Amino acid sequence: MSDDRHYLDQDEKTVVIVMTSGPSQRHRCATPFYMAAIMASMDADVKLFFTMEGVKLCQKGVPEQLTAMDGGKTIVEFMRDAKAAGVKFYMCRPAMPGYEMEVDDVIAEVDELSSGGELADLILSSDKVLFF
Amino acid sequence: MECNGCEFRPELYYDAEFQIWVRIEEQGELAVGMTDISQSIAGKIMHVRVRRPGTARPAGKPVATIESAKWAGPVPNLFDCTIASANIEVLEHPALLNHQPYAAWIARVAPAQTVEQALVGLVTGDAAWAGYQARCVRDSITCKRLPA
């Protein structure tokens, strides 16, 4: 009982992770999901919002093939770990045309297609906001 | 008993995905740990953190968090309970979960209702064995037990 680092005391928090990194910076594409899973496991209500190049991670065929490092776990596996921990995924609908994505191209792990205004609402109403 | 090398203990109680096991202890407490399936998926476990003893945990709120180099996630909780104690040995040496997943319990909890009521939503015995094998086959899980 004396070593506090072993114990969890956090209250429930709301966290938004804004994922702007995509396949052009693959080394930045695993840790946000890992951190999201940890925070969700610590009672945080975690929402992860894909925008800018981050939407490419939601395109069928991309996260299944992408790894943050050679020989590592695929990004979709990190995404599924976060989902299993309770993280909700939102994707920026206005970003889709810039990456020539259609609704049918979006992976099943995405919970909602959202507007920029909905991202603004999430940011303004959350306890913590992280950008990757 | 084992499937794809993953050990199974028929006397324990399990969640539907066989992430955790639950064992009846003395004084109305239940011990909670990770299955061989879970430790195989996680890989070498580097950090374990448990909700502070005395904390009430409603069903659905994790008992602990687990981190390996490639996986992070909760130790799920399926019934209302209060954390009674944490296994200090596991907190100090998390890889024990990889070496001895059924001996290395993570936390002991006191269920809010009776032990029997707490275990209603879990599976055990033959039904658990069938489900355990199905999970191993469905997700192509093979045991990756680390040597002690």
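Q: In what order do the 7 strands of the open sheet in chain B run?
A: In general, strands of a sheet pair through backbone hydrogen bonds, either parallel or antiparallel. In this predicted model, the order is β7-β10-β11-β5-β4-β3-β12 of chain B, with antiparallel pairing. Strands here are DSSP E runs of at least two residues, helices are H or I runs of at least four, and both are numbered from the N terminus; two strands pair if DSSP finds at least two bridges between them. Residues are numbered from 1 along each chain as its sequence is written, and chains are lettered from A in the order in which they are written.

Q: Now chain A: at what angle do the axes of helix α1 and helix α2 cross?
A: Two packed helices are described by the angle between their axes and the distance between the axes. Axes are lines fitted to C-alpha atoms over the stretch in contact, with angles from 0 to 180 degrees between N-to-C directions. For α1 (residues 31-41) and α2 (residues 75-85) of chain A, the axes cross at roughly 15° and come within 8 Å. That makes α1(A) roughly parallel to α2(A) (angles under 35 degrees count as such).

Q: How many residues of α1(A) are buried?
A: 9 of the 11, so α1(A) is largely enclosed by the rest of the structure. Buried means 20 or more other C-beta atoms, placed from the backbone, within 10 Å of the residue's own. Among the buried ones are Phe33(A), Tyr34(A) and Ile38(A).

Definitions and conventions
This is a predicted model: local features need pLDDT of at least 70, side-chain atom pairs count only at pLDDT 80 or more; totals for chains, interfaces and linings use all residues. Angles under 35 degrees count as roughly parallel, over 145 as roughly antiparallel, 65 to 115 as roughly perpendicular and the rest as oblique. A residue is buried if 20 or more other C-beta atoms lie within 10 Å of its own, exposed if 12 or fewer, and partly exposed in between; C-beta atoms are placed from the backbone.
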